[in-house]
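Dear colleague,

I am passing the structure below on to you, and after it you will find my notes on what was found. Please read them with the model open beside you.

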Amino acid sequence: MILEISIIVIYTISLVIIFAYSLSQLNLLFNYLRAQRIKDDAPKFNFKDPTQIPLVTIQLPVYNELYVMERLLDNIALLDYPKEKLEIQVLDDSTDESFESTKNHIERLKNQGLDIKHVTREDRSGFKAGALKEGLKVAKGEYIAIFDADFLPEPNWLQRTVPYFKDRNIGVVQTRWGHINREYSLLTRVQAFALDAHFTLEQVGRNSKGHFINFNGTAGLWRKQCIEDAGNWEGDTLTEDLDLSYRAQLKNWKFKYLEDVKTPAELPVVISAARSQQFRWNKGGAENFQKMSKKVVTSKSLSTKTKMHGILHLLNSTMFLNVLIVAILSIPMLYIKNEYAHLKPYFYVMSFFVISSVIFFICYWFMFKSIYGGGFKQFIRYIGMFFTFFSIAMGFSLHNSIAVIEGHLGKRSDFIRTPKFNISELKESWKGNKYIKKNISINVIFEGLLMLYFAFGMYSAFVVGDQGGDFGLFPFHLMLFIGFGFVFFKSLTSKA
């Protein structure tokens, strides 16, 4: 009975944590809907008066980006901003042939009158954070715009973001990510769905009420003074953007999120690239929880509600671990439920936590509607997308949970960049991409075993109990079976 009690306790704790997180999402939804009723007028700014136009430095941190460097540099050169007020730093840590081609491209842009510099280092210490910090030492701009190699800002991007810094308390202006290859495949549609939820519901919901948000590593503009006041970039976590964001806001700098300014970017089209990105983001989130949570809780300037949202924000990636725990324990719980009749009241109470899924369903519908529009047809489309997203997200839960555990335990690892492909909606081949991992992780085998485990869970629904089965968890196990099956087979067949 000790084993059964332990399973029940761990299962219950995980369900309660997920429920608490779902309630925070519901609160963010209410904030989001209220924010939609408020018109956000950009400050007036005279771009025709040279004395009002601040000097901006654009930083492009890159590392072995052979396939997208030409597209990136050509796009940045199109920004509609006075050349004498614009400095471009290509922070290039590359070790392959892209280094020389980038150097040559920079020279061509220099000849066109752009103030563009090729900033290099002897080593990659600190990875992206180290490159940004190195560039900041010699940056001339009062404001620092940062774009990753796969981002393509619109020509008027600076004109739409710089004016907000007329408020001297604002340290960061962050824009929403767009997706140039959203419809490329099921994998890209699922990634877009998840990111859209973050860039609508979460960023607006937090920012509109003054809660902490994060600079997203790219497509944002920093006040240089804010970076320096917050302690500058640090490379001790894999999400240096989240780290500096929290340090800056703890110093009382304000962040401004612009939902209406969309910066297109490329989503990973192969699952190994998505794995790499997910691992870095989720491990970095756990590392930042360990680094920043105590400072948030003990801050005397933050409200209780802001502290709660901050802690749940830092615990965002840890939800994958709780989902995995609930998933794995749900099958023994099915047998416990039908073995011990006196526990039935407990299971009636536990069924209440199904409301977590209902909350997520409602929250994400408003996100989906804001992008695609409402109506019956779109709602039917949304239902399919929601369950597909949830299934595949749960299929990533083992991979992401390993990242989370490593982050909480303080295990160090290198910053592994996400391979870029220079692929749009067209079905261009990515097979020849030299940066794709050739090996298959041992974790993939365990994902295959979990697929079989949840197939057993579906089978169990037919054989437990005295009344011809217990199908309460069958939909959950079906989604887990589909999710782990998708991740397993995609990982086997998508290697180069």
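Notes on the model

Ala219 counts as buried, because its relative accessibility is 0%, where buried stands for under 20% relative accessible area, exposed for over 50% and partly exposed for what falls in between, with a 1.4 Å probe and protein chains only. Before going further, please keep in mind that this is a predicted model, in which local features need pLDDT of at least 70 and side-chain atom pairs count only at pLDDT 80 or more, while totals for chains, interfaces and linings use all residues. Residues are numbered from 1 along each chain as its sequence is written, and side-chain values use heavy atoms, with hydrogens and water left out.

Backbone at two loop residues

Ala219 sits in the loop between α6 and β6 (220–223), where helices (H or I, at least four residues) and strands (E, at least two) are DSSP runs numbered from the N terminus. Although Ala219 is not a glycine, its phi is positive, at about 60°. Asn64, placed in the loop between β1 (56–62) and α2 (69–76), also has a positive phi, near 55°, and is likewise a residue other than glycine. Asn64 counts as buried because its relative accessibility is 9%. As background, most residues other than glycine have a negative phi.

Domains

The protein chain is divided into domain 1 (1–32 + 317–494) and domain 2 (46–303), with bounds that come from an automatic or database domain assignment. The centres of the two domains, taken over C-alpha atoms, are separated by 30 Å. To the contact between them, domain 1 gives 63 residues and domain 2 gives 63 residues, contact being heavy atoms within 4.5 Å.

Helix pairs

Helix α13 (residues 355–372) packs against helix α14 (residues 376–395) at an angle of about 125°, with the axes 10 Å apart; axes here are lines fitted to C-alpha atoms, for helices over the stretch in contact, and angles run from 0 to 180 degrees between N-to-C directions. The two helices α13 and α14 are therefore oblique to each other, given that angles under 35 degrees count as roughly parallel, over 145 as roughly antiparallel, 65 to 115 as roughly perpendicular and the rest as oblique. The crossing of α13 and α14 is right-handed, a term used when the near helix is turned clockwise from the far one by less than a right angle, with left-handed used when the turn is anticlockwise. On the α13 side the contact includes Phe360, Phe361, Tyr364 and Trp365, and on the α14 side the residues include Phe379, Tyr382, Phe386 and Phe389. By class, this contact of α13 with α14 holds 13 nonpolar, two polar and one charged residues, where Ala, Val, Leu, Ile, Met, Phe, Trp, Tyr, Cys and Pro count as nonpolar, Asp, Glu, Lys and Arg as charged, and the others, Gly among them, as polar.

For helix α11 (residues 319–339) and helix α17 (residues 474–493), the axes come within 11 Å and cross at roughly 120°. These helices, α11 and α17, are therefore also oblique to each other, and their crossing is left-handed. Leu324, Val326, Ala327, Ser330 and Ile331 of α11 make the contact with Phe476, His477, Leu480 and Phe484 of α17. The residues of the contact of α11 with α17 divide into seven nonpolar, two polar and no charged.

Helix α10 (residues 304–314) is mostly covered, with eight of its 11 residues buried, among them Thr306, Lys307, His309 and Gly310. The buried residues of α10 pack against α1 (2–36), α6 (186–207), α8 (240–250) and α9 (271–298).

Within helix α1 you will find Tyr11, which counts as buried because its relative accessibility is 9%. Leaving aside residues up to four places away in sequence, Tyr11 touches Val326, Leu329, Ser330, Met333 and Tyr346. Ile2 also lies in helix α1, but Ile2 is exposed, with a relative accessible area of 70%.

Lastly, Glu406 has its place in helix α15 (residues 397–409) and is buried, with a relative accessible area of 17%. Again leaving aside residues up to four places away in sequence, Glu406 touches Phe279, Lys283 and Lys411. The C-alpha atoms of Glu406 and Glu287, which are 119 residues apart along the chain, are separated by 8.4 Å.

With best regards
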